[in-house]
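Take a look at the protein shown here. The briefing below goes through it topic by topic.

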Amino acid sequence: MAVLLHRWGVFAVRRRRTVLAVWLLVVAAIATLGIGFAGSFDSKSDIPGSAAQSALTKMDRHFGSSDHQSAEIVFEAPTGTSFKDPAKATALKQSLTAAATVPGVTSVSDPMRSQTVSPDGKTAVAQAEFSTAKDQDVPQADLDALKDTGASSRAAGIDVLFGGDAYKQSKAPVGPTEGIGVLVALAVLAITFGSLLSAGMPLVTSLLAVAASMTGLMGLSSALSISDNAPTLAIMLGLAVGIDYALFIVSRHRTELAQGRSVKDAAARATATAGSAVAFAGLTVVIALAGLTVAGVPVLTSMGLSAAAAVTVAVAMSLGLLPAPQPPASAAAPATLEAASAAGRPERMSGSAVLWVALAIFAQESVWNFYDAQVPAQLRHFVSSATVIGLIMGLDTGLGVIIQPWMGLISDRLALRRTGRWPIVVAGACVAAVPFALIPWATSLPMLMLCIFAFGLTANSFKGVTETLVSDYVAPEQRGRAQGFIKAGVSLTIIVSALISLLVVDHSLKAAFAIPPVLMIVMVALSYRFLGRRHPAALRREDTTTDQADRFSSPWAVLKDLVREPSRARLLLMAGIFCFAGMWAALRSLTTPYGTEVLGMTRGAAGGIALPGAIAFLICVVPLAYLSHRLGELRMIRYGIALFVAGLLVGFAEPTPAFTAASVAIASIGYAVFSVNGLVALWSLAPNNRVLGAYTGLYTVASASGMALGPALLGATVDLTGWRYMLLNASVFGAVTFAVFTLVARRAERPLATAP
């Protein structure tokens with residue numbers, strides 16, 4: 001087998017495009033056929049010969065079987081009474097009569113006539129049949145209405161319980177839990193390999209294998225009886241073994257590359273050696289899962305065979321697809337920028353440097369996103385005015401305005417002395433974590449304000465410094481593209497915030513507020529461990545003179561140069577940054593209260609409105625970064641603002657949870673354009689590379705000022721017009737922002753980016 005796998009590895013590398021195309025076509029064909037011929041999974045859980053199955057069979061004889069959903073209603077009379085008493089029998093009959101009038105209910109059995117009353121007369125069971133087919137879910141409103149019919153019986157002291165298949169709502173086999181698992185796996189692999197390419201390949205192959213397996217099971221369910229529990233087990237094992245087996249091969253491939261072998265030889269040897277172990281391990285798992293058929297239980301048989309099929313596909317993907325896109329030698333051992341320059345090669349974007357900088361920024365943004373989503377709702381316990389809430393949310397950000405330029409200059413000097421900017425980032429993260437975690441423990445408005453003040457001061461003091469790290473490790477012509485990848489990583493923090501809101505907030509608010517700061521400290525520590533400690537060797541060397549740096553001995557000198565610049569392009573750009581950052585901060589801060597006030601959602605569900613927007617941001621931000629490099633930053637920012645306004649108008653036109661989520665998603669794409677281009681545009685206009693930290697501070701001053709006033713301004717309009725018009729008010733402010741950037745584009749002497 002090793003010889004065959006070695007030959008396949010060589011062929012896959014030589015014909016990588018053909019191999020990739022064939023595998024993608026196979027997956028697409030399976031998905032198309034599976035969805036086209038999709039049936040329904042079987043919810044039956046028969047266990048032939050068991051006592052439980054005998055009881056279920058007897059119930060079917062009494063109640064009959066139907067192709068529609070049904071619910072059981074159990075009535076239990078109080079101690080010392082029975083349904084032979086006229087009063088209890090009357091209350092029971094009233095409940096049954098009311099149940100028969102519930103929308104969607106076609107019939108309700110009478111326990112007295114169907115003889116489903118216990119011998120002592122204390123317990124009676126009725127069955128309500130719905131018009132909904134068995135493979136569909138009964139509307140929740142109908143189920144709630146059926147439960148309300150037990151009021152008359154409860155008033156008479158009778159206990160009423162509702163159950164049955166109708167109350168067993170079907171769940172998608174893939175949910176937030178699987179999404180969190182994939183994100184955690186990506187983070188662990190990225191930290192292990194130090195390369196997004198090497199980390200992504202095991203995930204991509206396993207996800208493709210799971211997609212092929214699931215759609216195949218959907219198609220087979222139209223002809224075979226497959227338990228509805230089988231997809232869950234198949235996904236779980238498919239993801240697990242898919243990542244595990246692919247990891248074996250990728251790790252061996254990187255080892256071979258590190259020993260100096262070519263990509264072709266490394267892929268062939270990895271496929272032959274690690275691939276043989278993968279094939280043997282996969283065969284063992286398949287045999288073990290197929291052994292579940294010996295039990296003779298139909299449910300276990302379908303679960304075992306479905307999981308075995310998923311493992312088989314995962315093994316096939318690992319052996320057949322993975323050798324084709326194996327990472328090059330640079331992914332296994334990235335060269336430093338200095339080495340590239342010494343060799344006479346043009347500087348390329350360092351993927352490992354971008355990864356660790358992205359993790360550091362991810363650390364701080366994970367806290368900020370959860371802060372903006374949940375602190376306004378926390379303030380509503382003590383403050384009722386939307387204006388005051390918006391002002392408080394803006395004031396905490398405004399605390400960093402004064403200190404940001406100074407911290408930027410200090411970080412510039414630390415970078416020049418080769419001590420790096422990392423001490424500011426690490427210390428700031430550790431200090432800011434404490435007041436943030438204490439926010440839900442505050443029992444009064446003064447205590448809450450103290451926590452907000454302390455967090456806002458410390459977190460804003462190092463926020464701009466962290467964002468400047470990319471300028472230390474990435475060449476100027478590559479910074480726009482690097483920002484795209486960094487912002488893609490930042491968008492994951494929005495997903496993390498939304499998932500914490502959905503899964504944790506409603507259960508334990510204190511635990512929810514503890515998760516982001518712990519994540520921040522861990523991520524910053526890892527970034528410093530793998531990149532910060534190698535700062536002197538990896539730091540970019542800029543050819544700038546000491547005289548240039550001495551021109552800017554204080555933030556006031558930088559500001560004076562900015563104001564006196566003849567075209568005023570920098571000043572106008574900062575005004576535009578102020579406007580757009582303010583509107584985005586206002587939308588993020590007030591969306592959760594908007595969801596509770598206008599859409600009638602719970603606090604946790606309203607906090608989850610940002611989830612579709614985060615996904616849209618993640619998908620679009622990197623392509624937008626490359627497109628901006630061609631079209632120019634200012635032009636793309638204007639397009640983004642127009643899209644932002646259009647999204648808000650969509651949400652205003654139809655105030656429902658679905659349309660609001662779509663509105664936030666469209667607006668998030670518009671903001672993605674701005675987030676990629678705003679800081680890079682300002683960097684490109686800086687007088688030299690020795691003041692990039694100060695200019696990042698100025699960017700933060702503009703954005704923080706906007707964030708300080710934006711929520712308050714939008715909150716003031718909400719107090720005047722009501723929560724219903726919040727999105728329309730925000731779209732008006734967005735139109736003003738578009739006008740500001742139009743003026744910036746006209747006043748600029750030259751485009752900030754040119755086509756390559």
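Which residue forms a salt bridge with glutamate 256, and how far apart are the closest N and O atoms? The partner is arginine 252, and those atoms are 2.8 Å apart. A salt bridge here is a side-chain nitrogen of Lys or Arg within 4 Å of a carboxyl oxygen of Asp or Glu.

This is a predicted model, in which local features need pLDDT of at least 70, side-chain atom pairs count only at pLDDT 80 or more, and totals for chains, interfaces and linings use all residues. Residues are numbered from 1 along each chain as its sequence is written, and side-chain values use heavy atoms, with hydrogens and water left out.

**Overall picture**

- The protein has 31 helices and four strands. Both are DSSP runs numbered from the N terminus: helices are H or I with at least four residues, strands are E with at least two.
- Of the 756 residues, 50% count as buried. Buried means under 20% relative accessible area, exposed means over 50%, and partly exposed is in between (1.4 Å probe, protein chains only).
- The accessible surface comes to about 33,000 Å². Carbon and sulfur atoms account for 65% of that surface. The areas come from the Shrake-Rupley method with a 1.4 Å probe; for residues, only the protein chains shown count as cover.
- Take the contacts between residues at least 6 apart in sequence: 81% of them join residues at least 24 apart. Contact means heavy atoms within 4.5 Å.

**Salt bridges**

- By the salt-bridge rule, the count is two.
- Glutamate 256 and arginine 252 both sit in helix H10 (residues 230–258). They are four residues apart, about one turn of the helix.
- Glutamate 256 is buried, at 1% relative accessibility. Arginine 252 is partly exposed, at 28%.
- Arginine 269 also forms a salt bridge with glutamate 256, with the closest N and O atoms 3.2 Å apart. This pair links distant parts of the chain: arginine 269 is in helix H11 (residues 263–290), glutamate 256 is in helix H10, and they are 13 residues apart.
- Arginine 269 is partly exposed, at 33% relative accessibility.
- Together, Arg252, Glu256 and Arg269 are linked in a network of salt bridges.

**Nonpolar cores**

- A nonpolar core is a set of buried Ala, Val, Leu, Ile, Met, Phe, Trp, Tyr and Cys residues joined through side-chain atoms within 4.5 Å.
- The largest such core has 116 residues. Those with the most contacts inside it are Tyr371, Leu573, Tyr695 and Met726.
- Helix H15 (residues 351–379) gives the most to this core, with 17 residues.
- Apart from this core lies another, of 32 residues, among them Leu217, Ile226, Ala314 and Leu319.
- Methionine 726 touches Leu587, Leu590, Tyr594, Leu714 and Val718, leaving out residues up to four places away in sequence.

**Aromatic rings**

- There are 16 aromatic pairs by the rule used. Rings of Phe, Tyr and Trp (its six-membered ring) pair if their centres lie within 6.5 Å; planes under 30 degrees apart count as stacked, over 60 as edge-to-face and the rest as tilted.
- Phenylalanine 580 and phenylalanine 644 form an edge-to-face pair, 5.2 Å centre to centre with 80° between the planes.
- Phenylalanine 580 lies in helix H25 (residues 569–597) and phenylalanine 644 in helix H28 (residues 633–653), so their pair ties together parts 64 residues apart in sequence.
- Phenylalanine 580 is buried, at 1% relative accessible area. Phenylalanine 644 is buried too, at 1%.
- Trp368, Phe370, Tyr371, Phe436, Phe455 and Phe513 form one aromatic cluster.

**Charges over rings**

- A charge sits over a ring if NZ of Lys or CZ of Arg is within 6 Å of the ring centre and within 35 degrees of the ring normal.
- Lysine 510 lies over the face of tryptophan 441, at 3.7 Å from the ring centre.
- Arginine 724 lies over the face of phenylalanine 652, at 4.7 Å from the ring centre.

- Alanine 2 is in helix H1 (residues 2–14). Alanine 2 is partly exposed, at 37% relative accessible area.
- Alanine 2 and threonine 271 are 269 residues apart in sequence, yet 8.0 Å apart in space, C-alpha to C-alpha.
- Serine 213 is in helix H9 (residues 196–220). Serine 213 is buried, at 9% relative accessibility.
- Beyond neighbours within four places in sequence, serine 213 is in contact with Ala309, Ala310 and Val313.
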